[in-house]
Amino acid sequence: MKAKTGIPGTTLNRREFMRVLGVAGGGTLMAPLVTTADPNPKRTLEQLVRFPEKTDLILRTDRPPQLETPLHYFREDLTPNDAFYVRWHLEGIPTSVDLGAFRLQISGHVERPLSLSVAELRGQFEAVSLIAVNQCSGNSRSFFEPRVPGGQWENGAMGNARWTGVRLRDLLDRAGAKAGAIDVGFSGLDRAAIAATPNFAKALAVDHARDGDVMVAYEMNGADLPMLNGFPLRLVVPGWYATYWVKALSQIQVLPEKFHGFWIDKAYRIPTSPDASESSEHLAAETTPINRMSLRSLFVRPEPGEQLSSKAPFEMQGLAFDSGSGIQRVEVSTDKGRTWLAAQLDPELGKYSWRRWRLRWNPPASGRYQFQVRAFNRAGQHQSTSLWNRGGYMRNVIEQTEVEVL
Amino acid sequence: MKRSFNAVVFGLAIFQVSVGCCEGGELASSGTNAPASEARQLNRVRSITLPHFEPDLPVAPGRDEYMVVCVSCHSPRYVTMQPLFPQRQWEETVDKMVKVYGAQMDQEQRQSIIGYLVAIHGPNSTTEGSPARDEDYDFASAAKPLQRSETTPLIKPATDATTHANEVNRGADLFKQDCAACHGTAGRGDGLIGQVLLRKPKNLASTRFSPQLLSQVLWNGKRGTAMPSWRTLPQGDLTALAAYVETLHLPSKGDQISPEALQHGNQIFLQNCAPCHGVSGDGKGAAAATLMPEPANFKLKQPDFDYILQVLSDGIPGTAMPAWKNQISESDRRALADFLRSLFESANPYGH
């Protein structure tokens, strides 16, 4: 049971609520009034904070910042820039960029190293635009059981935006990538606090980098990127987890060999099993860098703890996405998986966008209900009921939510 | 909905404009695009200022080592965000910090830090989110650091007269409903419940508060007292309450104090008060970390002259503030009161 507060998106779990009440009623004078077990003990107080250029987001960490988008922003096709989640790895994040001095460097195994200003990128290359989901590898990590260390996200470490910029392929062609190129490495303006910490760098295979979809974006939803989302340039890798979407992108290096770096060799790795799952007792021996997003579907409404009325029909809402094959159908069960109803899909906004779904439901009677949602894509993939890995990555199990009908 | 629609339309517009530029071309100078380019030139440097969060750490052995080694790279929330992990997991995490991220610590520091993490965020710690154990939940020690938010939104009453008057009226109603039981109907700290509290509720007529202090206390509550957080109220109600509370204090006449008298007051302050209240009077003296409630920050509040004299004479029961009447002469207490009042920084409502 969650008590809704007056602040949008803020919920107190019952213990927090009691704590506030207890203190308000005279602190130590009052004994706890209720002693039943907390039905959802792992949820903690959601504290909202407002960072520069951002609206109130859920504070996960402050330095470096990890800020989560409250669920209600996903009732829209595109996630507003100021509500888009934030996740940085290193202490030294860029807080000031001089566009007069900023240059994107393209170097390495190329004929003509380039050094481009943002104005040159805008002016000298064809602009392209696409809508794509950007989702943190660890989105929904806090729902893993057993729990795993890392950013304790619920479902808000993702967003859907229209990205506008230039094709990475066009940049590589201008620089003249030489024959024998294997990987393309990327890094941004963020810096570690101490020299011993590896700076953030990622890489893509050269064929992937040249697929025409991978983009260097200078706009998000028609505006400059917010500083905390990677101003002035961000790598957009549609269909892949956001760890590859390097923020404040400033270096692109074409490599004649396989890229090696901590953030690919050691971090962001998943078991090689097809569903990236392993057991906590028997960790997988083989791991591989995380890559394409797995198929998933989510509830946006009802929100956790939302109460419905038995007197009115309710429109369930949610979203579904994968890595670009396209959502074929979404099904919802209101009877613990015995029967499944087909949800109505909103129009497609592009193969990398999420697709919103709706289902009108007439509550048959008051009481508690458990809803489940599952999606199927055009590649014939479906969702499963369990997934666990040590990194807390790629959660895509069939989601469940409970509602109370009054 | 509207916002999303606009974003889509604007996105399309940009797309259509800039799609016209192609490789080798000049920066587009069509009529629609030119103003945007100029604006971009004018705003060549883009900057943000990140909010500052004080590290807010429970006191337990190993805290110093943790502060020195860990907090330089990440804030304590990286720990408090996690589930309550057992010692084995914290050992693994600390070792990862050393091996992978290059954290610098010796064996002794490693042990201290692991001990600290287990104490504040292990299975038996009393901090956030421990599994359902309400029956032994200790409300007395529940004034949790985590309850506190370091980025308090500034609650600032309106400046135009009509809106302000409405806020004050609304605030008066809210005050009766939510605050009067402790603070009394006139805000004198003499409400019915207040009479059994220690420390006693604040007499809100005795002190001028800065907007940021009012914001902080309304938002976070006041640790070490019965004052709870009111952040669950709608923002408009908080603003109304702040507007009303401001009216409870009547401005006192500002006497001119000679620089010599202030200098004298400063001397007494440094000798007697700075260990707790800080050299600058901001409440962050060397001893402040262990005190609850925290020592007063005189930059954010300006108690009336008479109220300061009363406190200096009698102390504040339920806090660490002692009675000074036998240590400091009356004339010195008066000089001190003038000096304390001079510290108030009303000109900077954002408190940076």
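The model is predicted, so local features need pLDDT of at least 70 and side-chain atom pairs count only at pLDDT 80 or more, while totals for chains, interfaces and linings use all residues. Residues are numbered from 1 along each chain as its sequence is written, and chains are lettered from A and ligands numbered from 1 in the order in which they are written.

Chain A comes out at five helices and 28 strands, these being DSSP runs numbered from the N terminus (H or I, at least four residues, for helices; E, at least two, for strands). Of its 406 residues, 51% are buried, that is, 20 or more other C-beta atoms, placed from the backbone, lie within 10 Å of the residue's own. Take contacts as C-beta atoms, placed from the backbone, within 7 Å: among those in chain A between residues at least 6 apart in sequence, 68% join residues at least 24 apart.

Leaving out residues up to four places away in sequence, A:Leu235 touches A:Phe186, A:Val216, A:Tyr244, A:Trp245, A:Val246 and A:Leu249.

One open sheet in chain A has five strands in the order 9-8-17-12-13, with mixed pairing; pairing takes at least two DSSP bridges between two strands. Strand 9 (114–116) and strand 13 (201–205) of chain A sit at the edges, each pairing on one side only. Inside the sheet, strand 12 (183–188) and strand 17 (249–255) of chain A pair antiparallel over six bridges, with A:Gly185 partnered by A:Gln253.

Over in chain B, helix 8 (211–220) has several buried residues, among them B:Leu214, B:Val217 and B:Leu218. The buried residues of this helix pack against strand 2 (207–209) and helix 9 (235–248) of chain B. Next after helix 8 comes B:Gly221, with a positive phi near 75°.

Helix 10 (259–272) and helix 13 (330–342) of chain B pack at about 100°, their axes 8 Å apart; axes are lines fitted to C-alpha atoms over the stretch in contact, and angles run from 0 to 180 degrees between N-to-C directions. That makes the two helices roughly perpendicular, a label covering 65 to 115 degrees. Residues meeting here include B:Ile268 and B:Phe269 from helix 10 and B:Leu336 and B:Phe339 from helix 13.

Note on methods. Parallel < 35°, antiparallel > 145°, perpendicular 65-115°, else oblique. Contact = placed C-beta atoms within 7 Å. Buried ≥ 20, exposed ≤ 12 C-beta atoms within 10 Å, placed from the backbone.
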